Amino acid sequence: MSFLNIIKRVLPLLIVVLITACGYPQLSEEEDAVIPTDYTYIIGPGDSISIFVWGNPDISTTATVRPDGKITIPLAEDLLASGKTPSQLARVMEKELSKYVRDPQVVIMVSGFEGVYSQQIRIIGQLSGGGGSSGGFGGGIGLSSGGGIGSSGGFSGGGGGFSAKALPYKKDMTLLDLMIQVGGLGQYADGNRASIIRKIDGESQHFGIRINDLIDDADLSANVKILPGDIIIIPEAFF
């Protein structure tokens with residue numbers, strides 16, 4: 001192959017690398033300032049809800065939020081739970097139960113946290129195949145490199161570590177917390193070319209993050225805050 005042909009083949013790849021590496025501003029302390037101080041968990045489909053009605057154990061119960069976002073409890077059918085905070089849902093139930101019970105006092109406790117999509121953290125790309133998710137639902141359907149279905153906890157591509165996970169946001173979560181929860185990077189990940197897609201003032205913006213510097217070099221300046229709804233993309237390294 002001639003030198004000219006080599007240049008023609010390599011040049012597009014180099015352009016892609018440069019664009020990817022330089023295209024997004026690095027996430028900084030200034031962006032960290034937008035962390036919501038009044039964050040409250042919002043109930044979503046799949047959440048388990050324990051409902052306590054003081055003085056009425058016969059109508060206290062548990063329910064799982066259906067895919068349509070609704071629940072059914074004794075004396076009340078098809079109550080919309082998704083999109084509400086636990087206290088908001090309790091007030092709705094009190095109003096509904098007041099038709100049958102005098103001055104009902106309702107307390108809602110949530111478990112099996114999944115939350116609404118708008119608050120979930122999504123992470124996709126080159127993740128460790130063995131990454132678990134305590135408290136989340138990171139396990140998924142795995143596709144082996146041969147195209148079959150495996151149980152790697154994500155979607156595995158040619159690099160053997162391509163995964164997609166969705167996790168509930170936790171207050172004060174950082175990038176390091178997220179990496180611990182998903183089990184770290186895959187063998188072929190380029191963590192320093194990773195990026196976050198974040199909504200700011202209603203618009204999606206891209207920021208670069210330095211996962212390799214954080215994990216390999218213990219550079220805590222790379223340990224940025226994670227916000228509800230963040231999407232993290234971890235590309236495969238170019239060799």
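Trainee: Is Asp213 buried or exposed?
Mentor: Asp213 is buried, at a relative accessible area of 17%. Buried means under 20% relative accessible area, exposed over 50%, partly exposed in between, using a 1.4 Å probe and protein chains only. This is a predicted model, where local features need pLDDT of at least 70, side-chain atom pairs count only at pLDDT 80 or more, and totals for chains, interfaces and linings use all residues. Residues are numbered from 1 along each chain as its sequence is written, and side-chain values use heavy atoms, leaving out hydrogens and water.

Trainee: What does Asp213 meet in a salt bridge?
Mentor: Arg210, at 2.9 Å from N to O. A salt bridge here is a side-chain nitrogen of Lys or Arg within 4 Å of a carboxyl oxygen of Asp or Glu. Arg210 is partly exposed, with a relative accessible area of 23%.

Trainee: How many salt bridges are in the whole structure?
Mentor: The search finds 8. Arg66, Asp68 and Asp78 are linked in a network of them.

Trainee: Which residue pairs with Asp230?
Mentor: Arg198, with the closest N and O atoms 2.6 Å apart. That pair links distant parts of the chain, 32 residues apart: Arg198 sits in strand β10, Asp230 in the loop between α5 and β12. Helices (H or I, at least four residues) and strands (E, at least two) are DSSP runs, numbered from the N terminus. Asp230 is buried at 0% relative accessible area, and Arg198 is buried at 1%.

Trainee: And Glu96, what's its partner?
Mentor: Lys99, at 3.2 Å between the closest N and O atoms. Lys99 is exposed, at 57%. Glu96 is partly exposed, at 22%.

Trainee: New topic. What order do the strands take in the open sheet?
Mentor: β2-β1-β5, with antiparallel pairing. Two strands pair if DSSP finds at least two bridges between them. The edge strands, β2 and β5, each pair on one side only. β1 and β2 are joined by 4 bridges; Ile51 has Thr61 in β2 as its bridge partner.

Trainee: Which helix packs on that sheet?
Mentor: α3, residues 86–97, touching β1 and β5. Contact means heavy atoms within 4.5 Å.

Trainee: Which residues of α3 are buried?
Mentor: Leu89, Ala90, Met93, Glu94 and Leu97. Seen down the helix axis, they fall within an arc of 145 degrees, so they line one face of α3. The arc is taken from the directions from the helix axis to the C-beta atoms.

Trainee: What covers them?
Mentor: The cover includes β1, β3, β4 and β5.

Notes:
Axes fitted to C-alpha atoms, helices over the stretch in contact; angles between N-to-C directions.
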